[in-house]
Amino acid sequence: MTAGGIARAVDQWVKEHHLTMVEWRRHFHSYPELSNQEFATTEFIAKVLREHGLEPVLFPGTGLYVDLGPKDGKRLAFRGDIDALKVPEQTGLPFASQHPGVSHSCGHDVHTTVVLALACALSTVQLPLGVRIIFQPAEEVMNGGALDVIEWGALQDVASIYALHAEPKLRVGQIGVRTGAITSASDVLRITVNGPGGHTSRPQLSADVVYALGALITQLPALLSRRVDPRTGTVLVFGHVESGDAANAIPKTGELLGTLRTADIGTWRILEDLVTDLIDLVVAPTGCTYHLDYMRGVPPVLNDDAATAIGVQAGRRIDPHAVVTAPQSSGGEDFSWYLEHVPGSMFRLGAWSGEGEMQDLHQGNLDIDERALEVGVRLFGGVVEKYAENLS
């Protein structure tokens, strides 16, 4: 088949198998599985791929990938994340989660269905280039399953990689694109402050742990804002503070937990040292001591200019008005680890029906318009075609 026929073949497959895609998505939605526990999901995906004449390669534990097209040369890859969240579903849908307390409230059921349908559609085409579809486990945990997938060799021979993320803030049919950072780095801080304890009537004889915690809560974000370029979108927010049991007793210990996010990868690489220096400055005058657990998360997803441009062309083939500029998100996404090795791009897939209130990700009431499935598969089919045209 010529390169120009790939997108048309995918379009036709999608038209003929729309109900099948919906059934797959509803199956994934009904039986969500948490990170690194996606055994049934992996089995279902492998079964469908084999039914379409493909030979999936299973990862250790959960997840898998499948190759299509020529076996030699570089490959174009697409990633779908397959895990769910520990969030109770509140949609009341007839295909709502059958696993109490677990749901696909981040839209991974959509992502999985899109790349599964892409693999099945491309299996009907004689491809002029190699394509790899990666079904990644454990996106929702710290650091992300992408690191494991890379260690298992799934990026070998991959020249470029794509992904998408369901976006309930965009109307279905719209495709959000952005060059450079589309997500942020997201790190977690745990600061434990210690002192000798004492009576609140004699603070001068002790070291006031609660006062030190208060100073950190107010001064650390403020100082950080004066040491980092504000255009990097760097923000520190504390979500947990705990110390003490009595009004008249200065406690011996207290704890702060918070997140530190930035859209700039250069800033991300220096933040741990900078934050440590600033904590020293804030805590030292109080006489307390501290211990910092700095848990690095994922870097920002940095979309490559050329890869994004190909996605724009593919999106406009579907609808000249489909492509819109996506805002930069403060959320983290482990797709960024792939982009540390190869160029690629992540798109926002419009998932709002246009009726009712816009919902948000990671909420139990998330209800995605299933028409987004067709848009996602056709978008990726167009990306494959554009890459094939560049080879010819």
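Trainee: Which residue does D81 form a salt bridge with?
Mentor: D81 pairs with R79, and their closest N and O atoms are 3.1 Å apart. Keep in mind that this is a predicted model.

Trainee: Are D81 and R79 buried or exposed?
Mentor: Both D81 and R79 are buried.

Trainee: How many salt bridges does the structure hold?
Mentor: It holds 17. One of them joins R317 to D11, with the closest N and O atoms 2.9 Å apart.

Trainee: Where do R317 and D11 lie?
Mentor: R317 lies in helix 8, residues 305-318, and D11 in helix 1, residues 6-16. The two are 306 residues apart in sequence, so the pair ties together separate parts.

Trainee: Is D11 buried or exposed?
Mentor: D11 counts as buried, because its relative accessibility is 17%. R317 has 29%, so R317 counts as partly exposed.

Trainee: What about R378 and D11?
Mentor: They form a salt bridge too, and the closest N and O atoms are 2.9 Å apart. R378 sits in helix 10, residues 372-391, and is 367 residues from D11, which is in helix 1. R378 is buried, at 18% relative accessibility.

Trainee: Which residues do shared partners join into one network?
Mentor: D11, R317, E374 and R378.

Trainee: New topic. Which residues form the negative surface patch?
Mentor: E272, D273, D277 and D280. D273 lies in helix 7, residues 265-283. D273 counts as exposed because its relative accessibility is 57%.

Trainee: And the whole chain? How many helices and strands?
Mentor: Ten helices and 16 strands. Of the 392 residues, 54% count as buried.

Terms used: Residues are numbered from 1 along each chain as its sequence is written. This is a predicted model: local features need pLDDT of at least 70, side-chain atom pairs count only at pLDDT 80 or more; totals for chains, interfaces and linings use all residues. Side-chain values use heavy atoms; hydrogens and water are left out. Patches are made of residues with over 30% relative accessible area and no salt bridge: like charges are joined within 9 Å, nonpolar side chains (Val, Leu, Ile, Met, Phe, Trp, Tyr) within 5 Å. Accessible areas come from the Shrake-Rupley method with a 1.4 Å probe; for residues, only the protein chains shown count as cover. A salt bridge is a side-chain nitrogen of Lys or Arg within 4 Å of a carboxyl oxygen of Asp or Glu. Lys and Arg count as positive and Asp and Glu as negative; His and the chain ends are not counted. The place of a charge is taken as NZ of Lys, CZ of Arg, CG of Asp or CD of Glu. Helices (H or I, at least four residues) and strands (E, at least two) are DSSP runs, numbered from the N terminus. Buried means under 20% relative accessible area, exposed over 50%, partly exposed in between (1.4 Å probe, protein chains only).
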